Amino acid sequence: MEKPFKDKTALITGSSRGIGKAIARAMSCLGSNVIVNYTKQGGSSEQQAKALSAEIESLGCKSLIIRADISSRDEVKDMFSKITSSFDSLDFLILNAARAPFKPIEKLFERELRMLVEVNLFGNIYCFQQALPLLEKSQGRIVFISSLGSRFYNPSYPLGIMKSAMEAVIRDLSCSLSERGINANAVCGGIVKTDSFKVLRQVWEGIERIPDELIVEPEEIADTVTFLCSPQSRGIKGQTIVVDRGLSNRVYHF
Amino acid sequence: MTGNLITYDTVLEETRKAIAETLNIDLDRIKPDSSLIKDLGAESLDFLDINYRLEQRFGIKMARRFILEHVEEMIGEGTAVDDTGKLTDKAIALLKIRLGEKARDLKPGIYIDEVTSLITVESLAQGVMDILASIPERCSCGSSEWKIGEELQAVCSSCGEPAEYANGDDLIVQYIEKIQAEKRIF
């Protein structure tokens, strides 16, 4: 049977690690070509991006690695000119990249506040603005990766502010872009054991006590993303799907 | 008994192991003077993982924040890093005292990233040693004998309670207060 995403192409921002990497794998397992994006040159992300790209190619899909910091509009523009020169279409834009200080909001320095907004709000908006003509042509999908911080308090997690803002952006896009055939949704992950979890663990006393059955695997987020990219989810527009193994329902637990 | 129960060589070895596991690289590549960022490719998330491994190993809490962040929290935003992300002359003066020879080429106006690349395997191990040296004179039970229990964690010889070390951030704050009292940099 032909793979459902054969000849499709996905850009997954921030995909050298964690949830982004799991999404890249899941998309390529379904036949999609994948653009792997990371920010920092010459470090561990670059190594991981190369390994991931080789893995995607071994599945018979095309893969392109692009280093770009999404908070820079110029770098985002460059990224999209590379995409258009290497691929015939862009079908899926997965807004996964995030970067944030982990400290209480009252303690944020101005430069940290700027970084928070520039990466996690401006950066995502730059990406979809550049992607629009391509997504319009392919009648594509946008999926944003959110977290429970968008709606619940997490200690030292100012990123939650930006996750709320982006969920609102997604709601807007699903309406404002629907005439042009583009759909947008978000996946809101619970506690996922990625590299970012290592940070949470250091600022959130007691996080280790959350039982294993409430810890989400990156693949569970990825499977929801592939669903939101598939025709089967055509009726879902502008929604944020919570994938948290029921953690947010378990108030009684604590 | 005070002073370190654990030798520097052991700490250095454990630090190298923690780095190798986090970055998934050969132990042989990790020399005492390797820069974690420049030579070994570590990124900010990796530092937290390395710290976490060391914390688990020794039963300690490593510093969550870099010395210049503490300065700004204590003395005021803009005192160590200006609004374009460049280091002030006062920040450089403090780093020269803190880092000694390694900081000799630092000049005001450099970016904070250039300073974090001065963090080496040795300096990380030294950070662990500083915390281990904060072992209290006596356990809360009154005993003054500590021993190394399971893994590399110090426990009281008498009641078996783990030693409570100072945390890395508190030590940095104390250091800044001391230097500030002596030299009035800021």
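## Contacts within chain A

In chain A, take the contacts (C-beta atoms, placed from the backbone, within 7 Å) between residues at least 6 apart in sequence: 74% of them join residues at least 24 apart. This is a predicted model, where local features need pLDDT of at least 70 and side-chain atom pairs pLDDT 80 or more, while totals for chains, interfaces and linings use all residues. Residues are numbered from 1 along each chain as written, with chains lettered from A and ligands numbered from 1 in written order.

## Overall build of chain A

Chain A has seven helices and nine strands, counted as DSSP runs (H or I, at least four residues, for helices; E, at least two, for strands; numbered from the N terminus). Its C-alpha atoms fill a box of roughly 50 × 40 × 40 Å along the principal axes.

## Where chain B meets chain A

Here 15 residues of chain B are in contact with 16 residues of chain A. On the chain B side, helix 2 (44–58) and helix 3 (67–75) each supply at least two residues, and helix 2 gives the most, with five.

## A helix pair across the interface

On the chain A side, the contact uses Asp195(A), Ser196(A), Lys198(A), Val199(A), Arg201(A) and Gln202(A), and helix 2 of chain B brings Leu45(B), Leu48(B), Asp49(B) and Tyr52(B).

Terms used
Two residues are in contact if their C-beta atoms, placed from the backbone, lie within 7 Å.
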